[in-house]
Amino acid sequence: MQSASCKKIHIVGSIGSGKTTLARLLSHELKVPHYELNNIMWERTYEGDKRRSETDRKK
């Protein structure tokens, strides 16, 4: 369980700049979860990306 003093790290940058790679490395080193915001907004399917509903995004 995370303490009340838990901080968040937001990594921003252009496409292909290494944001996901950095997030995975930090997640591993700090032993904290990481979340890719694109996966919150978009459902990845074989047919292509589909925008998630607001209800699904809130889950």
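Reader: What volume does the largest pocket have?

Author: The largest pocket has a volume of about 920 Å³. A pocket here is an open set of points on a 1 Å grid over the protein atoms alone, where a 1.4 Å probe fits, with protein on both sides within 12 Å along at least five of seven lines. Grid points are joined across faces, edges and corners, and the volume is the space filled by probe spheres set on the points. This is a predicted model, where local features need pLDDT of at least 70 and side-chain atom pairs count only at pLDDT 80 or more, while totals for chains, interfaces and linings use all residues. Residues are numbered from 1 along each chain as its sequence is written, and side-chain values use heavy atoms, with hydrogens and water left out.

Reader: How many residues line the largest pocket, and which lie nearest its centre?

Author: The lining has 24 residues, and I9, H10, I11, H34 and Y35 lie nearest the centre. A lining residue has an atom within 4 Å of a point.

Reader: Which helix gives the most to that lining?

Author: Helix α1 does, with six residues. Both α1 (19-30) and α2 (37-41) supply at least two residues each. Helices are DSSP runs of H or I with at least four residues, strands are runs of E with at least two, and both are numbered from the N terminus.

Reader: How do the lining residues divide into nonpolar, polar and charged?

Author: Eleven are nonpolar, eight polar and five charged. Ala, Val, Leu, Ile, Met, Phe, Trp, Tyr, Cys and Pro count as nonpolar, Asp, Glu, Lys and Arg as charged, and the others, Gly among them, as polar.

Reader: Back up to the fold. What pattern does the protein follow along the sequence?

Author: The pattern is α-α-β-β-α, from three helices and two strands.

Reader: And what share of the 59 residues counts as buried?

Author: 3% of them. Buried means under 20% relative accessible area, exposed over 50%, and partly exposed in between, with a 1.4 Å probe and protein chains only.

Reader: Salt bridges next. How many are there?

Author: The count comes to four. The rule asks for a side-chain nitrogen of Lys or Arg within 4 Å of a carboxyl oxygen of Asp or Glu.

Reader: What is the N to O distance between R24 and E36?

Author: Their side chains meet at 3.5 Å, N to O. This pair links distant parts of the chain, with R24 in helix α1 and E36 in the loop between α1 and α2, twelve residues apart. R24 is partly exposed at 48% relative accessibility, and E36 is partly exposed at 29%.

Reader: Where do K58 and E54 sit?

Author: Both are in helix α3 (residues 54-58), four residues apart, so about one helical turn separates them. K58 is exposed at 67%, whereas E54 is partly exposed at 48%.

Reader: Which residue does K59 form a salt bridge with?

Author: Its partner is D56, with the closest N and O atoms 3.8 Å apart. K59 counts as exposed at 79% relative accessibility, and D56 as partly exposed at 38%.

Reader: Last one. Which residues form the nonpolar patch on the surface?

Author: I9, L30 and V32 form it, with about 270 Å² of accessible area together. V32 is in the loop between α1 and α2 and is partly exposed at 34%. Patch residues have over 30% relative accessible area and no salt bridge, with nonpolar side chains (Val, Leu, Ile, Met, Phe, Trp, Tyr) joined within 5 Å and like charges within 9 Å. Accessible areas come from the Shrake-Rupley method with a 1.4 Å probe, and for residues only the protein chains shown count as cover.
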